[in-house]
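Subject: Structure handover

Hello,

Here is the structure you will be taking over. My notes on what was found in it follow below.

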Amino acid sequence: MKSRLVTTLTAAAIVLGAAACSSSGGGDPLAAPSGGAPASGGKTVVVGSANFPENVLLASIYSQALKAKGVKVEEKFNIGSREVLYGQLQSGSLTVLPEYNGALLGYLDPKATATGTQDVNAALLQKLPAELAVLDSAAAEDKDSLTVSQETADKYQLKSIADLAAKAGEFTIGGPPEFKSRREQQFKDAYGLTFKEWKPTADTTANALKDSGIQVGNVFTTDPRIVQFKLVPLADPKNVFSSQNVTPLVNKAGVDATSTAALNAVSAKLDTVGLTALMTKVAVDKEDPQKVAKDWLKANNLG
């Protein structure tokens, strides 16, 4: 939905759910620039997130980075999928959202062919309405994948999505509830795949692969369970899944130069290895996501 947007990690969901219920618009003392007024001219920047753990973690990083620059922030985490979030951002109910550039472009233009980061962002500039903008993309890329268990990969000699063609009719595929409507036709067109059944496995997709409840699953590439459960992401030679760089999507009226600079500074420091390490702390080590975000910002001189 990023596809995330548009969607992971049940182990972290309970912890993140607790964090998502709080609003930090007025709790912490905020550093003020000269003159005594908060940054953003006193406006409250509303940071939202989708309803999966990584997006909540990224939103917490954005939120704390903004507060560190004196911006007044309200948090609205765990709202829902892109289909719900996009309208709220466009109306101004939300100001900032961690997005995934390729998934966002696919939502705005299902026929888009751009795959590389620069091409995807250039296409987004043509498709976004006047009130919205994307800021700098991070190197961090949480990309959709079709993933199988190591046992399934070995048994059927699966290395790429193309290798599924002979067996797709016998396989059940799992993913977010919206995954079928977004991707079914693309898999048919690009690889000739028709799966036996589509299951809405959402955050439990990796677990369902491990437990053989499904044979193929939409697992994001920064999900620590890929390593933990010895799963195998399949190569995508026809680029059904485009670049998925973590990218702030903003309502332009709600952000000023201070907010923009703070968010771009996060993007400049965040890479895929680092994001996977952060998610491992949250999902595997059970660390508090707010603290994980705070520690990362401090380590990178951003908080």
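A residue counts as buried when its relative accessible area is under 20%, as exposed when it is over 50%, and as partly exposed in between. Phe187, at 0% relative accessibility, is therefore buried. Please keep in mind that this is a predicted model.

Overall picture

The protein chain contains twelve helices and ten strands. It has 303 residues, of which 51% count as buried. The chain exposes about 12700 Å², and carbon and sulfur atoms supply 51% of that area.

Aromatic residues

The count of aromatic pairs comes to ten. One of them joins Phe187 and Phe195, which are arranged edge-to-face, at 6.5 Å centre to centre and with 85° between the planes. Both Phe187 and Phe195 are buried. Phe187 also pairs with Phe241: the ring centres are 5.8 Å apart and the planes stand at 75°, so this pair is edge-to-face as well. Phe241 has 1% relative accessibility and so counts as buried. Phe179, Phe187, Phe195, Trp198 and Phe241 make up one aromatic cluster.

Salt bridges

There are nine salt bridges in the structure. In one of them Glu83 meets Arg182, with the closest N and O atoms 2.8 Å apart. This pair, too, links distant parts of the chain: Glu83 is in helix H3 (residues 82-91) and Arg182 in helix H7 (residues 179-191), 99 residues apart. Glu83 has a relative accessible area of 39%, so it is partly exposed. Arg182 is also partly exposed, because its relative accessible area is 24%.

Another salt bridge is formed by Lys167 and Glu170, whose closest N and O atoms are 3.5 Å apart. Lys167 counts as partly exposed at 25% relative accessibility, and Glu170 is partly exposed with a relative accessible area of 48%.

In helix H12 (residues 289-299), Asp295 and Lys291 are four residues apart, which means that about one helical turn separates them. Their side chains meet in a salt bridge, at 2.7 Å from N to O. Asp295 is partly exposed at a relative accessible area of 32%, and Lys291 is partly exposed at 45% relative accessibility. Elsewhere, salt bridges with shared partners join Glu83, Glu178 and Arg182 into one network.

Is Asn55 buried or exposed? With 0% relative accessibility, Asn55 counts as buried. Asn55 lies in helix H2 (residues 53-68), and its side chain reaches the backbone nitrogen of Ala50 at 2.6 Å. Apart from neighbours within four places in sequence, Asn55 is in contact with Ser49, Ala50, Leu97, Pro98 and Tyr100.

Helix H10

Helix H10 covers residues 257-269, which makes 13 residues. From first C-alpha to last it reaches 19 Å, close to the expected 18 Å. At the start of H10, a side-chain oxygen of Asp256 comes to within 3.1 Å of the backbone nitrogen of Thr258. The buried residues in H10 are Ser259, Ala262, Leu263, Asn264, Val266 and Ser267.

Regards

Notes: Residues are numbered from 1 along each chain as its sequence is written. This is a predicted model: local features need pLDDT of at least 70, side-chain atom pairs count only at pLDDT 80 or more; totals for chains, interfaces and linings use all residues. Side-chain values use heavy atoms; hydrogens and water are left out. Helices (H or I, at least four residues) and strands (E, at least two) are DSSP runs, numbered from the N terminus. The expected span of a helix is 1.5 Å times one less than its number of residues. Buried means under 20% relative accessible area, exposed over 50%, partly exposed in between (1.4 Å probe, protein chains only). A polar contact is a pair of N or O atoms within 3.5 Å; within protein, one must be able to donate a hydrogen and the other to accept it, and residues adjacent in sequence count only if both atoms are side-chain atoms. Accessible areas come from the Shrake-Rupley method with a 1.4 Å probe; for residues, only the protein chains shown count as cover. Contact means heavy atoms within 4.5 Å. A salt bridge is a side-chain nitrogen of Lys or Arg within 4 Å of a carboxyl oxygen of Asp or Glu. Rings of Phe, Tyr and Trp (its six-membered ring) pair if their centres lie within 6.5 Å; planes under 30 degrees apart count as stacked, over 60 as edge-to-face and the rest as tilted.
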